[in-house]
Amino acid sequence: MSLEDTSRNHFASIESLLDEAERYCDQGNTPAALSSLETAVSKLCSTGSGILSDIPETDVAALDGHLATVLRRLAERADLLPENFATILSITGIPASLGDEFADKSADPLSAEEIVEALKLIYTAPDEMPKDPENDISLLKILIDLLNGQKTVSEVIFSDNGAYDMLADAASPYLVTGAVYLSGDGEDTGEKIQKMMEGPIKRLVRLLFSLLTSAFISGLLLLIVRRILAVRKMRPGFVENAAFAASVFSLTAVNIPVMLEGLRAAAHELKELSALITTS
C-alpha cells in the first residue's frame with residue numbers, strides 16, 4: 001500500500017470517529033462521545049507523528065541548504081515566515097509535558113531538522129492532567145481561530161503571483177548572480193535556479209511554513225484536547241477533588257462541539273501537510 005493510500009485510510013478512520021462522537025453528542029450519550037473523541041485524538045497524534053517521520057531526508061537537507069536558507073531569511077524579514085515557535089507559544093504557554101529542553105529551544109532560530117524533531121516531541125508528548133479547564137477551553141478556541149487564519153495566509157502567500165512569487169522574483173537576480181559567480185556557468189545556472197525557485201524550492205518553503213504554523217498549532221491543539229479529556233482518567237481520593245472532577249467533566253461535556261471543531265481542523269491541516277510531503 002502506498003503512503004498516500006495509508007494516509008487516506010488513517011484520515012477516513014479519524015473522520016468516522018469524529019462523526020461517531022458527534023452522533024453520540026446529539027443523542028446525549030456524553031461518555032460514548034468522549035470515548036470516541038479520545039480515540040480520535042490518539043489516532044491524530046499517531047498520524048501526525050507518522051507524517052513528520054515520512055518527510056524525506058532530502059527535503060530536510062534541501063531546506064537547510066544554501067538556496068533555501070537565503071530565501072528563508074528573506075521571507076522572515078518580509079514577515080512571510082515565522083523564525084520560530086515563540087509567537088504562538090506567547091499565547092498558549094509551553095505545555096509542561098514538552099519539558100525544559102523544548103522550552104529552551106522554542107525561542108531560538110531552528111534548522112529544518114530541529115523544527116521537525118521539535119514537532120515530533122509535541123505529537124508524542126505524554127498526557128497532562130487538567131489544572132485550569134476553563135483556560136484550556138479558551139486556548140482551544142484561540143488555536144482553532146489561528147488555524148483558520150493560517151489557512152487564509154498560506155493561500156495568499158503561495159498562490160500564483162502571491163507574496164512568495166513576488167519575493168522570489170525580487171531575490172532571483174541576486175541569487176543567480178551569486179551562484180554564477182561561484183560556479184562560473186552563467187546561462188545554465190541562472191535557468192536552473194529560476195526553475196527551482198518556481199518549483200521545488202516553492203514547495204519546500206511552503207512545507208516549512210506549514211511546519212512552523214499549521215502543523216505546530218495542530219500539535220498544540222491536540223495536546224490541549226488530550227489535557228481536557230484527561231478528566232476521564234481522574235480518580236479523586238478526596239471529597240473536594242471529587243467536586244472538582246465533576247465540575248471539569250461537566251465543562252468538558254458542554255464543550256464537546258468545540259473539541260470536535262478543533263479536531264476536524266487539525267485533521268484537515270495534517271491531511272494538507274501529508275499531501276505537501278508526498279508532492280514531488
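**The largest cavity and a helix pair**

Author: In this predicted model, α8 (133-158) and α9 (163-183) each supply at least two residues of the lining of the largest cavity. Rolling a probe the size of a water molecule over the atoms shows where empty space is left. The count comes to one cavity of 30 Å³ or more, and about 50 Å³ of space lies in the largest cavity. Around that space stand Ala 75, Leu 80, Leu 81, Ile 157, Phe 158, Tyr 164, Leu 167 and Val 205, and when this lining is sorted by class it has eight nonpolar residues, with no polar and no charged ones.

As for the setting, the protein chain holds 14 helices and zero strands, and 47% of its 280 residues count as buried. Among contacts in the chain with a separation of 6 or more, 81% are made by residues 24 or more positions apart.

Now to the helix pair. Two packed helices are described by the angle between their axes and the distance between the axes. For α12 (residues 214-229) and α14 (residues 256-278), the axes come within 9 Å and cross at roughly 145°, and the crossing is left-handed. On the α12 side the contact involves Ser 214, Ala 215, Ser 218, Leu 221, Leu 222, Val 225, Ile 228 and Leu 229, which meet Met 259, Gly 262, Leu 263, Ala 266, Glu 269 and Leu 273 of α14. By class, the residues of this contact divide into ten nonpolar, three polar and one charged.

Definitions and conventions:
Residues numbered from 1 in each chain as written. Predicted model: local features only at pLDDT ≥ 70, side-chain atom pairs only at ≥ 80, totals over all residues. Heavy atoms only, no water. 1 Å grid on protein atoms, 1.4 Å probe; cavity = no way out; pocket = protein on both sides within 12 Å on 5 of 7 lines; lining within 4 Å. Points joined across faces, edges and corners; volume = space filled by probe spheres on them. Helix = DSSP H or I, 4+ residues; strand = E, 2+ residues; numbered from the N terminus. Nonpolar A, V, L, I, M, F, W, Y, C, P; charged D, E, K, R; others polar. Axes fitted to C-alpha atoms, helices over the stretch in contact; angles between N-to-C directions. Left-handed = near helix turned anticlockwise from the far one by under 90°. Contact = heavy atoms within 4.5 Å. Buried < 20%, exposed > 50% of the residue type's maximum accessible area, 1.4 Å probe, protein only.
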